[in-house]
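Trainee: Could you pick one open space in this model and go through it closely? I'd like to know what surrounds it.

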Amino acid sequence: MTDPFSAPFGSLFGDSMTVAHLADGAFDYPGAAQAFENFSMHPGTHVLHYGSACFEGLKAHRQSDGSLAIFRLDDHVERMRQSIGRLRMVVPESDLIRTMIVDAVEANASFTPDAPGSLYIRPTFIGTTPNIGAAASPSDTGILYVICSPVGDYFAGGIRPLTIYVETKVPRTTPQFGMVKSGANYVMALGPTLDAKRDHGADQVLFATGDDITETGASNFFLVDDDRLITRQLDESFLHGVTRNSVITLAAELGYEVEERPLATAELADWASTGEIFLSGTAAVVAPVGTVVVGDAPVMVGDGQPGENTLKIREALTAVLTGNAPDNNGWRTAVDG
Ligand code: COI
């Protein structure tokens with residue numbers, strides 16, 4: 001098997017998938033995984049024209065005792081149902097999505113790399129009605145499917161200090177779609193991200209429309225020092241990260257005072273001189289930030305290297321992911337494999 005740490009994140013796949021078809025208001029799932037295969041689509045398929053698609057990202061981790069567990073399965077299932085609802089398509093029962101994820105992971109279990117690698121799970125829903133006039137109506141047929149990818153680090157180069165560019169003018173998406181995990185949101189962030197990479201060497205863009213810091217293109221955003229963990233309070237304008245919630249919970253257990261509140265860009269320069277900054281996400285895990293670029297001015301965070309509080313929180317999260325710490329919050333779902 002190709003080493004997932006040398007292949008780009010998400011470019012390797014297991015050999016099985018689960019698939020359910022939506023028609024006449026009901027999902028038809030055969031009850032088991034099938035061979036991984038291409039879909040054949042009518043060129044007028046709804047998703048290809050009107051973006052009727054959403055997805056989830058979660059992981060299964062090889063545990064220290066050799067078993068396999070999915071992290072925060074039910075939270076991801078419910079977020080997926082929320083996304084599908086906001087796309088105004090037929091929302092599958094939680095049990096169906098849950099079963100399809102477990103079946104897909106069990107069928108692809110042998111593809112799971114040892115920690116710190118993991119099996120990245122990608123449940124996806126697409127609208128398939130062949131109608132290029134249906135711009136103002138939802139697709140009433142669809143495919144719900146789950147594929148799995150053996151992965152290493154999301155940011156190439158391992159745990160290294162990232163550079164983020166703070167974008168105060170161009171929004172990541174629209175306020176009403178911010179908490180939907182749709183491909184459309186990611187493609188909207190692509191242009192600003194590529195521009196920031198070219199102009200500032202940035203790994204990610206931190207969206208702070210109207211000076212209101214929310215999230216980066218692919219992760220949530222945190223400030224931390226020896227005492228406090230700070231992140232933007234939730235609302236509908238950005239993604240409710242499951243890892244964000246895990247980080248908050250674990251940091252509180254470690255004794256940090258947690259503040260969920262508005263964050264302005266003016267805070268960043270001051271914070272960078274005394275505190276640490278990191279990103280969180282299923283793919284990103286906990287990723288340290290070494291430089292923030294505000295306007296044209298790069299500001300080094302601390303000494304530019306991963307800080308000890310960031311690494312402590314990352315370590316606490318990794319321990320729960322891999323069975324090296326007790327599952328106090330009921331986050332792990334054991335599966336066969
Ligand atoms: C995740 O963290 O799971 C995501 O969906 C981010 C994606 C860009 C890989």
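Mentor: Let's take the second largest pocket, which holds about 440 Å³ of space (a pocket being an open set of points on a 1 Å grid over the protein atoms alone, with protein on both sides within 12 Å along at least five of seven lines; the volume is the space filled by probe spheres set on points joined across faces, edges and corners). Its lining has 28 residues, and Phe55, Tyr120, Arg122, Lys181 and Ala283 sit closest to the centre (lining means an atom within 4 Å of a point). Strand 7 (118–127), strand 8 (142–151), helix 5 and strand 14 (276–281) each give two or more residues to that lining (DSSP runs numbered from the N terminus: helices are H or I with at least four residues, strands E with at least two).

Keep in mind that this is a predicted model, where local features need pLDDT of at least 70 and side-chain atom pairs pLDDT 80 or more, while totals for chains, interfaces and linings use all residues. Numbering starts from 1 along each chain as its sequence is written, and side-chain values use heavy atoms, with hydrogens and water left out.

Where does this pocket sit? Domain 1 (16–151) and domain 2 (162–321) both contribute lining residues, so the second largest pocket lies between them (the bounds come from an automatic or database domain assignment). By class, its lining has eleven nonpolar, twelve polar and five charged residues (Ala, Val, Leu, Ile, Met, Phe, Trp, Tyr, Cys and Pro are nonpolar; Asp, Glu, Lys and Arg charged; the others, Gly among them, polar).

Helix 4 (183–200) and strand 10 (204–207) are the elements giving two or more residues, and helix 4 has the largest share, seven. That lining splits into 16 nonpolar, six polar and four charged residues.

Domain 1 and domain 2 each put at least three residues into the cavity lining. Strand 5 (58–62), helix 5 (242–253) and helix 7 (308–321) each supply at least two, strand 5 giving the most with three. Among the lining residues are Leu58, His61, Val242, Thr243 and Leu321. Six of the cavity's lining residues are nonpolar, five polar and one charged.

Key:
On a 1 Å grid over the protein atoms alone, a cavity is a set of points where a 1.4 Å probe fits but cannot get out, and a pocket is an open set with protein on both sides within 12 Å along at least five of seven lines; lining residues have an atom within 4 Å of a point.
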